[in-house]
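Thank you all for making time for this. I would like to walk you slowly through one structure, and I will stay with what can be read from the atoms.

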Amino acid sequence: MQKFEKFSGIVAPMDRANVDTDAIIPKQYLKSIKRSGFGPNLFDDWRYLDPGAPDIDNKTRRENPDFVLNDARYRKAQILLARENFGCGSSREHAVWALEDFGFKVVIAPSFADIFYNNSFKSGLLPIVLSHDQVDQLFTELFDQENYQLTVDLQNQLVSNATGSQMSFDIDEFRKYCLLNGLDDIGLTLQHAEQIKSFEQQYYQQSPWLK
Amino acid sequence: MSALTLYDKVWQQHVVRQEDDGTALLYIDRHLVHEVTSPQAFEGLQINHRPLWRKESIVAVPDHNVPTTDRDQGISDPVARLQVDTLDQNCDSFGLTEFKMNDRRQGIVHVIGPEQGATLPGMTVVCGDSHTSTHGAFAALAFGIGTSEVEHVMATQCLIQKKSKNMRITIEGPVGPGVTAKDIVLAIIGEIGTAGGTGYAIEFAGEAIRNLSMEGRMTVCNMTIEGGARAGLIACDQTTIDYVKGRPFAPAEEYWDQAVAYWNTLHSDAGAVFDREVVIQGDSIQPQVTWGTSPEMVIPVNARVPDPAQEADQVKSDGMQKALDYMGLKAGTPLNEVFIDKVFIGSCTNSRIEDLRAAAQIAKGRRVADNVKQALVVPGSGLVKQKAEQEGLDKIFVEAGFEWRDPGCSMCLAMNADRLEPGERCASTSNRNFEGRQGQGGRTHLVSPAMAAAAAVFGYFTDVREVELLN
């Protein structure tokens, strides 16, 4: 996993609540046995007018001109500004992989679904929770300004706009540490292998029917 | 010691270590694996030369991609075939228990786990699938995880977790006749909203819940995730223990009494404190039908489609209008004027024997309506299918014009050939009415099995309580 470093990026608006993971990456693309290549099919049903499938070349499909990520201003966006309960539904981590493969590093929303929120950290996508009012304010700024960008500073837990106005966000210390250092969870957990083994010894003695 | 909730008890039993900030390493008893969310995890283990920590904990099955007809001819879609073949190869090379596509025990992962006794009270159960909450019906702590966590459990038998808050939802008194587990859980989601349970583990309690069979309890816990909570639990009682007894993975005879003694402690203590309590009167729950594109967009069968203009919150009102446009519905329409094109009876929510019996009871002696192009019945497992055939349910369905299929996830998420075409409207016993879930442009209405069967034979939504049973 790459280290998460401070950056400034273009912000794209996703102005609807309850965006589910079926919408983020539709089921037909889950047949892949790889982790990469999902970006061209991010938000597939909304992004293209013609139906898509793994064996259909996306270049042959008409784009939906009304969909936000087809707007020239947002094609290189790295920050997605979203509404309540982003990422609800299926546990598919492919949703996170698709957002990252498109180029997103951060999603900002007033709330996230639990599984999506958890999955995001595993591949280095940073989900930032801000208050409803703060998110409303960012949407207003985004719709009012050309080339709207935000700077995300994970170390100091700050989101700031071009005028220097800042919003701070909360994040679990352990998750922050892993993201900043690009650490793999499995390696960290295996440092406790002996403790897991001694837990097991006691556990199966107490619950022998589970052994 | 202070009074504990059921969730507290199961959690505590599995904590290997805990950091000062509350981050815990949680031990996992049962890991269920299917073809869609596992290939990248197996690959990760191989790349990093990591062995499986405890291969006995894994039970694998292909379910999302498998065809529901002509199984002997294999899978015709090459991409789907590769994914199922990859699962088979991974299970063979790691030496795992797998019920392959043509095994009679194959089925939807959340149906076969309990059916085999692989899900036991007090366990922690995980799977790379959000509907893992199903297994909470056994007083287990069961929740869905992403592929990175699948790999983490394979390599360490643990997950890095923070404890959720406790919520209890009590259904007071019994529910009326014709009101099923599906109606109970849809009514709950209508009440708390699709994000209402975010951050919580939900315990379902009360007379109406205790009265449910294990099949019904699984239906309720299955849709916990549709209310935003990763895990739903129901206390262990004699119904639970009777269900488990004698199943292939159930405790051996010599340990049975010891196991049961422990399982009998798996309930919330009197005086246990919940962070949130919700109480719903059982007799207030009617048969439910979703009208929109989120499971919270749900109304009783005798209500009218709601009007976005009446919603004060602008984001919500816009969402309602988008949903009505997608669903091709007008505000104020009564549901018995909504005609359907297809019916799907199946999924990890409603494909167990009791569900098929309820649907067959309505279908018996009737015919699928002329406007209904296709009505599918997809049993949850090969063993459910076998049992249904022993009871003659297959004949009732086929005589009524339903298609009787092989087990799998099928049209719940349309990864195989079973799907809706753009604009088609479906009465479905599945769990998600999201845009495009059952096929691009497809329109899903979530209902109980009996309500789905009634919609199939009348061609429009019908209150199942008013349907006469024929012999």
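I will begin with the contact between the chains, go on to one helix and one serine, and end with salt bridges.

Please keep in mind throughout that this is a predicted model.

Let me start with the interface, where chain B contributes 72 residues and chain A contributes 55 residues. Between them the two chains bury about 5400 Å², and 56% of that area lies on carbon and sulfur atoms. On the chain B side, the residues that lose the most area to chain A are B:Gln40, B:Trp53 and B:Gln440, which together account for 12% of what that side buries.

Turning to polar features, there are 35 residue pairs in polar contact between chain B and chain A, counting pairs with both residues at pLDDT 80 or more. Several elements of chain B give two or more residues to the side that touches chain A, among them S1, S2, H5 and S8, and H5(B) supplies the largest share, with 7 residues. Across this interface there are also 6 salt bridges; one of the bridges between the chains joins B:Arg50 to A:Asp184, with the closest N and O atoms 3.3 Å apart.

Now to the helix, H8 of chain A, which covers residues 193–206 and spans 20 Å from its first C-alpha to its last, close to the 20 Å expected. Which residues of H8(A) are buried? They are A:Ala193, A:Ile196, A:Phe199, A:Glu200, A:Tyr203 and A:Tyr204. Viewed down the axis of H8(A), these buried residues fall within an arc of 120 degrees, and therefore they line one face of the helix. On the face of H8(A) turned away from the buried side we find the exposed residues A:Glu194, A:Gln201, A:Gln202 and A:Gln205. As for what the buried residues of H8(A) pack against, the partners are helix H7 of chain A together with elements of chain B, including helix H1, strand S1 and helix H5.

Is A:Ser91 buried or exposed? Its relative accessible area is 3%, and because buried means under 20%, A:Ser91 counts as buried. The side chain of A:Ser91 has a polar atom 3.3 Å from the backbone nitrogen of B:Asp129, and that side chain also reaches the backbone nitrogen of B:Ser130 at 3.3 Å. Among the other residues that A:Ser91 touches are A:Ile115 and A:Asn119 in chain A, and B:Ile145 in chain B.

In chain A, the side chains of A:Arg83 and A:Asp136 meet at 2.6 Å, N to O. This pair links distant parts of the chain, since A:Arg83 lies in the loop between S2 and H3 whereas A:Asp136 lies in helix H5 of chain A, 53 residues apart. A:Arg83 is buried, at 8% relative accessible area, while A:Asp136, at 36%, is partly exposed.

In chain B, B:Asp463 and B:Arg465 form a salt bridge, with the closest N and O atoms 2.8 Å apart; here B:Asp463 is buried at 9%, and B:Arg465 is partly exposed at 35%. Back in chain A, salt bridges that share partners join A:Asp15, A:Arg83 and A:Asp136 into one network.

Conventions:
Residues numbered from 1 in each chain as written. Chains lettered and ligands numbered in written order. Predicted model: local features only at pLDDT ≥ 70, side-chain atom pairs only at ≥ 80, totals over all residues. Heavy atoms only, no water. Helix = DSSP H or I, 4+ residues; strand = E, 2+ residues; numbered from the N terminus. Expected span 1.5 Å × (residues − 1). Buried < 20%, exposed > 50% of the residue type's maximum accessible area, 1.4 Å probe, protein only. Arc of directions from axis to C-beta. Contact = heavy atoms within 4.5 Å. Buried area = accessible area lost by both parts, 1.4 Å probe. Salt bridge = Lys/Arg side-chain N within 4 Å of Asp/Glu carboxyl O. Polar contact = N/O pair within 3.5 Å; in protein donor to acceptor, adjacent residues only side chain to side chain. Lists of a residue's contacts leave out its neighbours within four places in sequence.
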